[in-house]
Amino acid sequence: ECKLLRESPDIFAAALERTREYNPDFLIVCGDMTKDGEIISHQYVAEKLNEFSEKTGARILVVPGNHDLTNPHSFRYDGATSTPEPSASETDFEEIYAQCGYCDAVARGPRKLDYMSYPADGIAFIGLDSNEQNTPDNAAVQGGLTKAQTVWVAEMVKQAHADNRYVIMGMHHNLLGFYNNASLIRGADIANEKYDDYTNGQLVTDLCNAGIDIVFSGHSHMQSITSEKRDEREIFSVVTSSLVNLPLAYRTGSISKNGLMTIQS
């Protein structure tokens, strides 16, 4: 797939301008804000998101993607010439996106970049870091959640429900496969698909039992909404495409007072 990196600033600006027309209460960004974690790129994205928040009053909620942290492929480009560029650490990410969920979080989770925020009346957002740790020699693609994270999620859902809030969860990797046998073809996109000790099936069951109904994600550069049932509960995985790949898709959603969510692409 062709990534429209050179055009990405203009695409990003156009997407934010169109998003303003919806007068949103909050904006969720499910990771991969940068090509490979370049600090200068994170700073650029955060500046634009903060400007959007100041102009619209919308809260910004981010989670990190597998490209965003301590990435060995972090470069600055001048035409065909590339030079190494510092890549963001977890601390850098938290500081750069302080206004995008972290500074006013009502709770923080087991991993440094996990948090829960109350972005609007009656709404709670749980953002989780689903990434494997990159190394100087390897940029991990696959990812998932730990048992400790899902135990924490269950605690946060109870807290949010006690405050009469509808809970939305976001992470970078996809909770579910988006077509039959997706795990065989794009298993690295699916959270915990490659894990032996905590499988995707166990993860889905634990999130259902925790009371999570919907998980937003990115990563796979395609549009998909799918679901699985566990006993009487159903959990939805909403995957949104990338702004550097055609057709440059994004989603809008609304939530009624009785918890009905309507989503459009």
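Two residues are in contact when heavy atoms of theirs lie within 4.5 Å. Keep that in mind as you work through these exercises on a predicted model.

**Exercise 1. N134 and its surroundings**

Find out whether N134 is buried or exposed, and work out which residues N134 is in contact with, leaving aside its neighbours within four places in sequence.

*Solution.* 
- Step 1: Locate the residue. N134 sits in the loop between β7 (123-127) and α5.
- Step 2: Check the accessibility. Buried means under 20% relative accessible area. N134 has a relative accessible area of 8%, so N134 is buried.
- Step 3: List the contacts. Once neighbours within four places in sequence are set aside, N134 is in contact with N66, L69, T70, N71, P72, A139 and A140.
- Step 4: Look at the polar atoms. A polar atom of the N134 side chain lies 2.7 Å from the backbone oxygen of L69. The side chain of N134 also reaches the backbone nitrogen of A140, at 2.7 Å.

**Exercise 2. The two sides of a helix**

Describe helix α2 (residues 39-56): how many residues does it have, and which of its residues are buried?

*Solution.* 
- Step 1: Start with the length. Helix α2 has 18 residues, and from its first C-alpha to its last it reaches 26 Å. That is close to the 26 Å expected at 1.5 Å a residue.
- Step 2: Pick out the buried residues. In α2 these are I39, H42, V45, A46, L49, N50 and F52.
- Step 3: See how they are arranged. They cover an arc of only 155° around the axis, so they lie on the same side of α2.
- Step 4: Turn to the other side of α2, where E54 and K55 are exposed.
- Step 5: Ask what the buried residues of α2 pack against. The partners are α1 (8-20), β1 (26-29), β2 (59-62), α3 (90-96) and α4 (98-102).

**Exercise 3. A strand with two partners**

Work out which way the side chains of β9 (residues 214-217) point, and how many bridges join β9 to β11.

*Solution.* 
- Step 1: Compare β9 itself. I214 and F216 point one way, V215 and S217 point the other way, and all are buried.
- Step 2: Take one partner. Strand β8 (residues 166-170) runs parallel to β9 and is joined to it by two bridges. M169 has V215 as its bridge partner in β9.
- Step 3: Take the other partner. Four bridges join β9 to strand β11 (residues 233-239), and these strands also run parallel. F216 has V238 as its bridge partner in β11.

**Exercise 4. A hairpin**

Decide whether β3 (residues 75-78) and β4 (residues 81-84) run parallel or antiparallel, and find how many residues lie between them.

*Solution.* 
- Step 1: Look at the pairing. Four bridges join β3 to β4, and the strands run antiparallel.
- Step 2: Find a pair. D78 stands opposite T81 in β4.
- Step 3: Examine the turn. β3 and β4 form a hairpin with two residues between them, and G79 in the turn has a positive phi of about 65°.

**Exercise 5. Backbone exceptions**

Find out where N23 and N164 lie, and which residues a cis peptide bond joins.

*Solution.* 
- Step 1: Know the rule. Most residues other than glycine have a negative phi, and most peptide bonds are trans.
- Step 2: Take N23, which has a positive phi of about 50° although it is not a glycine. N23 lies in the loop between α1 and β1. Its relative accessibility is 59%, so N23 counts as exposed.
- Step 3: Take N164, which is not a glycine either but has a positive phi of about 60°. N164 is found in the loop between α5 (147-162) and β8. With 67% relative accessibility, N164 counts as exposed.
- Step 4: Find the cis bond. It joins L246 and P247, with omega at about 10°. P247 lies in the loop between β11 and β12 (252-255).

**Exercise 6. Cysteines**

Determine how many disulfides the structure holds.

*Solution.* 
- Step 1: Recall that a disulfide is a covalent bond between the sulfur atoms of two cysteines.
- Step 2: Apply the cut-off. The two sulfur atoms must be within 2.5 Å. The structure holds zero disulfides.
- Step 3: Check C208. This residue is in no disulfide, and the nearest cysteine sulfur, that of C30, is 18 Å away. C208 is buried, with a relative accessible area of 1%.

Note on methods: Residues are numbered from 1 along each chain as its sequence is written. This is a predicted model: local features need pLDDT of at least 70, side-chain atom pairs count only at pLDDT 80 or more; totals for chains, interfaces and linings use all residues. Side-chain values use heavy atoms; hydrogens and water are left out. The expected span of a helix is 1.5 Å times one less than its number of residues. Buried means under 20% relative accessible area, exposed over 50%, partly exposed in between (1.4 Å probe, protein chains only). The arc is that of the directions from the helix axis to the C-beta atoms. Two strands pair if DSSP finds at least two bridges between them. A polar contact is a pair of N or O atoms within 3.5 Å; within protein, one must be able to donate a hydrogen and the other to accept it, and residues adjacent in sequence count only if both atoms are side-chain atoms.
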